[in-house]
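User: Hi! I've got a model open and would like to talk through its packing with you. Shall we start once it's on screen?

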Amino acid sequence: MLDSLPTARLRGVSFHSITEEHCIRCIGDGLDRGLGGWVITANLDHLRRALVDPVYRRFCEEATLVVADGMPLVWASRIQGTPLPERVAGSSLISSLSQEAAIWGRSLYMLGGVPGTAEMAGEVLKRRHSSLKIAGSHCPDFGFENNPDQVQHIIDLLVEAQPDIVYVALGSPKQEHLIERLREVLPNAWWMGVGIGFSFLCGDVRRAPRWMQVAGLEWLHRLAQEPQRLAGRYIADGIPFALSLLATSLGARMRGRQKEPGDLA
């Protein structure tokens, strides 16, 4: 099923052309067949990183599912004539996938986040879905990735818990680096980096209103809440790259039209 999924390429990076609902079905199908996987919900910043960082580019190639978590990516795909059906936001998927996991009888593990949010996020999801199984939670110390003993402690916790789905909330690219290291420990589990998703669930960080999400303005809402931390990413890097991506997509569309059979010379 996963091998036959349609894809669209943006600047050479492949995105699966699926909806949020379809993404969840793919994960459920994989679990039913005893097949683990890795979901990357890639936004504009992730795509920009994939173009300059060969290691991150490899992560995107190795992931089982790569979906577009950003309206500029969806717009660019439509402009170039290879439309992605919708934005699949990790901050939404963490809730919708957890809802289905409760129905499936599958368990979750909450790893990372700001101290205290992993446990709290699990409690929020448990209150929403009483049958949901929370296999465990853990927030490693800052700099843990450079301490073999702390990494081994995470491995020991996961092996003992045996979760079906692991949410890793460490921000990108740290969460992707950790997922690559840990996947072999639980080869039948599904892994997904969720960034600030735990803080959204706990209410520590407010998500943008629905209209801003649809309009592609969620970044502005986030910027207003954390201007010092996010100004460089969104303004200095994000806006110029978004404009470049849209222009590149328009150019690809025009080149495609020029090559259509039957055109007059």
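Predicted model: local features only at pLDDT ≥ 70, side-chain atom pairs only at ≥ 80, totals over all residues.

User: How exposed is Gln162: buried, partly exposed or exposed?

Analyst: Gln162 is partly exposed, with a relative accessible area of 48%. The cut-offs are under 20% for buried and over 50% for exposed, with partly exposed in between, using a 1.4 Å probe and protein chains only. Residues are numbered from 1 along each chain as its sequence is written, and side-chain values use heavy atoms, with hydrogens and water left out.

User: Thanks. Where is Gln162 found?

Analyst: Gln162 is in the loop between helix 7 (148–161) and strand 7 (165–169), as the loop assignment shows. Helices here are DSSP runs of H or I with at least four residues, strands are E runs of at least two, and both are numbered from the N terminus.

User: What's its phi like?

Analyst: For Gln162, phi is near 50 degrees, a positive value in a residue other than glycine. Arg11 also has a positive phi, about 50 degrees, and is not a glycine. Arg11 sits in the loop between strand 1 (7–10) and strand 2, and its 35% relative accessibility makes it partly exposed. As background, most residues other than glycine have a negative phi, and most peptide bonds are trans.

User: Speaking of peptide bonds, which residues does a cis one join?

Analyst: Ser172 and Pro173 are joined by a cis peptide bond, with omega about 10 degrees. Pro173 belongs to the loop between strand 7 and helix 8.

User: Which residues is Ala50 in contact with, neighbours aside?

Analyst: Once neighbours within four places in sequence are set aside, Ala50 contacts Val13, Tyr56, Arg57 and Cys60. Contact means heavy atoms within 4.5 Å.

User: How do helix 2 and helix 3 pack?

Analyst: Their axes are 6 Å apart and the packing angle is about 120 degrees. Axes are lines fitted to C-alpha atoms, for helices over the stretch in contact, and angles run from 0 to 180 degrees between N-to-C directions. His46, Arg49, Ala50, Leu51 and Val52 of helix 2 meet Pro54, Tyr56, Arg57 and Cys60 of helix 3. By class, that contact has six nonpolar, one polar and two charged residues. Here Ala, Val, Leu, Ile, Met, Phe, Trp, Tyr, Cys and Pro count as nonpolar, Asp, Glu, Lys and Arg as charged, and the others, Gly among them, as polar.

User: Which residues of helix 3 are buried?

Analyst: Tyr56, Phe59 and Cys60 are the buried residues of helix 3. They cover an arc of only 95 degrees around the axis, so they lie on the same side of helix 3. The arc is that of the directions from the helix axis to the C-beta atoms. On the other side of helix 3, Pro54 and Glu61 are exposed.

User: What covers that buried side?

Analyst: The cover for the buried residues of helix 3 includes strand 2 (13–16), strand 3 (37–42), helix 2 (44–52), strand 4 (65–68) and helix 8.

User: At what angle do helix 3 and helix 8 cross?

Analyst: Helix 3 (residues 54–62) and helix 8 (residues 174–182) cross at roughly 60 degrees, and their axes come within 11 Å. Helix 3 and helix 8 are therefore oblique to each other; angles under 35 degrees count as roughly parallel, over 145 as roughly antiparallel, 65 to 115 as roughly perpendicular and the rest as oblique. Val55, Tyr56, Arg58, Phe59 and Glu62 in helix 3 meet Glu176, His177 and Glu180 in helix 8. That contact has three nonpolar, one polar and four charged residues.

User: Last one: which residues of helix 8 are buried?

Analyst: They are Gln175, Glu176, Leu178, Ile179 and Leu182. Their arc around the axis is only 165 degrees, which puts them on the same side of helix 8.
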